[in-house]
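Here is a short report for a first look. Keep the sequence and the 3D view at hand.

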Amino acid sequence: SKGIVALGGLTSGDHWADSVSADGEEIAGGFVDANGTLSTFWWSRQAGFVSHAPFQPNSTGLPTLSADGSTVIGNEAVLSSSRAFRWSQADGYQWIDVPGWQDSIATGVSADGSVVSGVLRSGPLFSAGFRWTAATGAVVLPDFGIPGTFANAVSADGTIAGATSHPGGTVRAVRWTASGEIGGRVCSPGVPNSTGSSGRLTLEGSNSIELGALTPAASSLPPGAFGYFLASRAPDRVTTIPGSVGVLCLGGPIGRVGGPGQIVQADTSGRLSITIDPATLPSPTGPVLPSFGETWYFQAWHRDAQPASTSNFTDSVTIRIY
């Protein structure tokens, strides 16, 4: 049918819709009952109207529905603080609290309602992101590596956070991922090594010169294999490398990260890593300072045996340096 249809089952008084499910079958909103109490509601075309616990005075709530319509999240004013809540058909109404934090503010919910993300605050200048699931409760996301970096926006599934960083008195936007990986994957997968798997490179830490900590890590390597990391400003795909079965994914002048302790050995899980300063990246003529916004490519070389002694490469990852 077309046109406007009143939602059946709502009590008399003012009521309004704030959020709707992906298929339009469920709606969440607020209403004021006969006593003047502001409350949330969840409405389903099949199940009708369900009232939530009432908001505290002066709270706006602004509830949000998950895409499947099963879960409502929102925030209520409790005394002088904000308190996040989650309601679902299966679990009912529950608060999201984290000890030691004054405020919890729900900002996102996964499509099926199983994950809630949000922001924690303790005073006007200190905040962090959180990720909530029924199994873990609300878990505070790690900081971004330096004091004064605050996670103020979190994706709906809690795996990505946006924040502001304050290095040296400047204000910078930064991005955090639950996996710890940064950059984009290229030239992947690599040639399988003697484990039967292809070596995989990840970049962790930060691409900020000011933060000074970038960690290339190679995994799925033969345990105990020695290796080192390479870097360049250009990609390539060289398939014939003397003494190697792998593919070199770097082009142009290629630098080797080869200082003391930077030729490393894979552990028993087949992983090796180092931490380098993105302000001093390797080149054939020595360390260089990248230009702001410059693109760099990284790859790992390692010993291998298939079954004769040879070498191999991981795939490659690219990032921009800022």
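## One residue up close

Does isoleucine 319 count as buried or exposed? With a relative accessibility of 6%, isoleucine 319 is buried (under 20% relative accessible area; exposed is over 50%, partly exposed in between; 1.4 Å probe, protein chains only). This residue belongs to strand E25, residues 309-321.

Leaving aside residues up to four places away in sequence, isoleucine 319 touches several others, among them Ile182, Leu203, Trp296 and Phe298. Contact means heavy atoms within 4.5 Å. Serine 206 is 113 residues away along the chain, yet its C-alpha atom is 10.0 Å from that of isoleucine 319.

## Basis of the model

The model is predicted: local features need pLDDT of at least 70, side-chain atom pairs count only at pLDDT 80 or more, and totals for chains, interfaces and linings use all residues. Residues are numbered from 1 along each chain as its sequence is written, and side-chain values use heavy atoms, without hydrogens or water.

## The whole protein

The protein has zero helices and 25 strands (DSSP runs numbered from the N terminus: helices H or I, at least four residues; strands E, at least two). Of its 322 residues, 44% are buried.

## A four-stranded sheet

Four strands form an open sheet in the order E9-E10-E11-E12, with antiparallel pairing. Strands pair if DSSP finds at least two bridges between them. E9 (103-109) and E12 (137-140) each have a single partner strand, so one side of each lacks a neighbour in the sheet.

Six bridges join E9 to E10 (residues 115-121). Alanine 106 has glycine 118 in E10 as its bridge partner.
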